[in-house]
Amino acid sequence: MAALDTLETLWRLAGLPAEGLAPVQLPGRDPVFPSSFPVGLAAQVTTAAAALAACELAHLRGTPRQQVTVQARQAAIECTGWFLLDGKEPEYWDPITGLYETADGHVRIHANFAHHRDGALRLLGLDVAHASRDTVQQALRGWRAIDFETAAAARGLVVTALRSFAQWDGSPQGRAVAAQPVMTFTRLDDAPPLALPALDAAARPLSGVRVLDLTRILAGPMGGRALASHGADVMLVNSPTLPNIGAIVDTSRGKRSALVDLDTAAGRDALWSLVDGAHVFSQGYRPGSLAAKGFSPRALAARRPGLVMVSLSAYGTKGPWAGRRGFDSLLQTAMGFNHAEGEAAGDGKPRAMPMQILDQATGFLMAFGAAAALWRQQSEGGSWLVEVSLAQTAQWLRGLGRVDDGLACPRPDVNACLQDYPCGYGALRALPPAAELARTPAGYVRASVPPGTDAPSW
């Protein structure tokens, strides 16, 4: 599918003006990485959508439109999320994380958080302190794949069985996801437009926009980082009691970083105070988690009329898996992508895509949704809810078609693209934004800093 046609479809879904697409250029095409899926196209279009929507909001605030160029290869490279800290490669995966054979197929275990790892090991009857991949594999040979997936889900763990596309499409959750668009925009009320300062031609597109970023793993933090790269004032809000992953070093570029404990009255008061000055509230917790603490979309809109809320989930808001935890690698396994890549390779061995494109593309869709909903808010008023999920992004990626001989494409030298960035964690070399803006280049004004570096106040 042509890149511009794909972008235009997203643009129309968001209700943005057609003339806003005029200044975009999308050079390059797949394959750009070894995959039978158009990962370059997905990266290019979502990156461009986020940048272009930010520029369209700036145009509404008084600036001329500007040229936006996104090359497929550079967008895909940015979506690898690769970085070096103090010269060392990031450690993405716990040793137990990965794909295993079962009595009748395969399952993927996500064990990057200790409580998920230990829960899966206990479910298998293993000694947490001495388990290894070999002992996990031996134990799983006594399980059917779907049985282990179901038992793990009942315990709040993150495990999925390997499926083909046909098997996923025939499942209740597969049908629920297929019936939904890639993202949804819902106007919640008739609030007046929130005040935003006018911009001059030199101002970055999202200058003056305040974003609360209550996301933790990869897709959500990527969305907040994309907004920061175009000038938004992004406040990353972490819990002092929840673990993070190493990628926070990279995804925190451009953001302030505060700690707020929503299990305390003082923490909830602090977050409400931040909401009072925010334009965007982005969250990636499991469905219902923040609502249980008082921060539902309706409650947020009542407190801050005109707020744009962006909500991320793993499997969407409909279907029997709507409340399940999930990560990119697990959805690739459950939804048929690993199986399809193995078939394309000719050996039938399940194979992951060359980057966590579901996370990355969803992150850029979150940034696109935030900027587009802000445009709607400024144009027609209302409080807005934008909903995205990894599963809906995956379904959208499937709809982009396949790449003949894509697996024969050599992997680009990602290290050659790294640049030095200021960082509160150490010496950071990371990838620059792929979106090229003619007048106001994308970039990060603030250094990546550890959680709690900043006070929870604007």
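Trainee: In this predicted model, over which ring does the charged end of Arg 398 sit?

Mentor: A charge counts as over a ring if CZ of Arg is within 6 Å of the ring centre and within 35 degrees of the ring normal. The charged end of Arg 398 lies 4.0 Å from the ring centre in question. That ring belongs to Phe 165.

Trainee: Which arginine lies over the face of Phe 37, and at what distance from the ring centre?

Mentor: Phe 37 belongs to one aromatic cluster with Phe 165 and Phe 337. The residue over the face of Phe 37 is Arg 402, and its distance from the ring centre is 4.2 Å.

Trainee: How many aromatic pairs are there, and what is the geometry of Phe 165 and Phe 337?

Mentor: A search of the whole structure gives 10 aromatic pairs. One of them joins Phe 165 and Phe 337, with 5.3 Å between centres and 90° between the planes. Planes over 60 degrees apart count as edge-to-face, so this pair is edge-to-face.

Trainee: Which helices does that pair link, and how many residues apart are Phe 165 and Phe 337?

Mentor: Phe 165 is in helix H7 (residues 165-169), while Phe 337 is in helix H14 (residues 337-345). The pair links distant parts of the chain, and the two residues are 172 residues apart.

Trainee: Is Phe 337 buried or exposed?

Mentor: Buried means under 20% relative accessible area. Phe 165, its partner in the pair, has 16% and is therefore buried. Phe 337 has 0%, so Phe 337 is buried.

Trainee: How many salt bridges does the structure hold, and which residue does Arg 187 meet in one?

Mentor: The structure holds 21 salt bridges. One of them has an N to O distance of 3.4 Å and joins the side chain of Arg 187 to that of Glu 380.

Trainee: Which parts does the bridge of Arg 187 and Glu 380 tie together, and how many residues apart are they in sequence?

Mentor: Arg 187 lies in strand E7 (residues 184-187). Glu 380 lies in helix H15 (residues 357-380), so the pair ties together parts whose separation in sequence is 193 residues.

Trainee: How do Arg 187 and Glu 380 count by relative accessibility?

Mentor: Partly exposed covers the range between buried, under 20%, and exposed, over 50%. Arg 187 is at 32% and Glu 380 at 37%. Each of these values falls in that range, so Arg 187 and Glu 380 are partly exposed.

Trainee: Which residue forms a salt bridge with Asp 213, and is that residue buried or exposed?

Mentor: The closest N and O atoms of this bridge are 2.7 Å apart, and the partner of Asp 213 is Lys 255. The pair links strand E8 (residues 210-214), which holds Asp 213, to strand E10 (residues 255-259), which holds Lys 255, 42 residues apart. Asp 213 is buried, and Lys 255 is also buried.

Trainee: How exposed are Lys 293 and Asp 263, whose side chains meet in a salt bridge?

Mentor: Their N to O distance is 2.6 Å. Lys 293 lies in the loop between strand E11 (280-283) and helix H12 (297-303), and Asp 263 in the loop between E10 and helix H11 (265-276), so the pair ties together parts that are 30 residues apart in sequence. Lys 293 is at 34% relative accessibility and counts as partly exposed. Asp 263, at 52%, is exposed.

Trainee: Which residues of strand E9 point the other way from Asp 233, Met 235 and Val 237?

Mentor: In a regular strand the side chains alternate between the two faces of the sheet. Strand E9 (residues 233-238) is mostly covered, with 6 of its 6 residues buried. The residues pointing the other way are Val 234, Leu 236 and Asn 238.

Trainee: What unit do E8, helix H9 and E9 make?

Mentor: E8 and E9 pair in the parallel sense over 4 bridges, and Arg 210 has Asp 233 in E9 as its bridge partner. With helix H9 (residues 219-229), they make a right-handed β-α-β unit.

Trainee: How many bridges join E9 to E10, and which residue in E10 is the bridge partner of Met 235?

Mentor: E9 and E10 run parallel and are joined by 5 bridges. The partner of Met 235 in E10 is Arg 256.

Technical notes: Residues numbered from 1 in each chain as written. Predicted model: local features only at pLDDT ≥ 70, side-chain atom pairs only at ≥ 80, totals over all residues. Heavy atoms only, no water. Phe/Tyr/Trp six-rings, centres within 6.5 Å; stacked < 30°, edge-to-face > 60°. Buried < 20%, exposed > 50% of the residue type's maximum accessible area, 1.4 Å probe, protein only. Salt bridge = Lys/Arg side-chain N within 4 Å of Asp/Glu carboxyl O. Pairing = 2+ DSSP bridges. Right-handed = clockwise from strand over helix to strand, strands pointing away.
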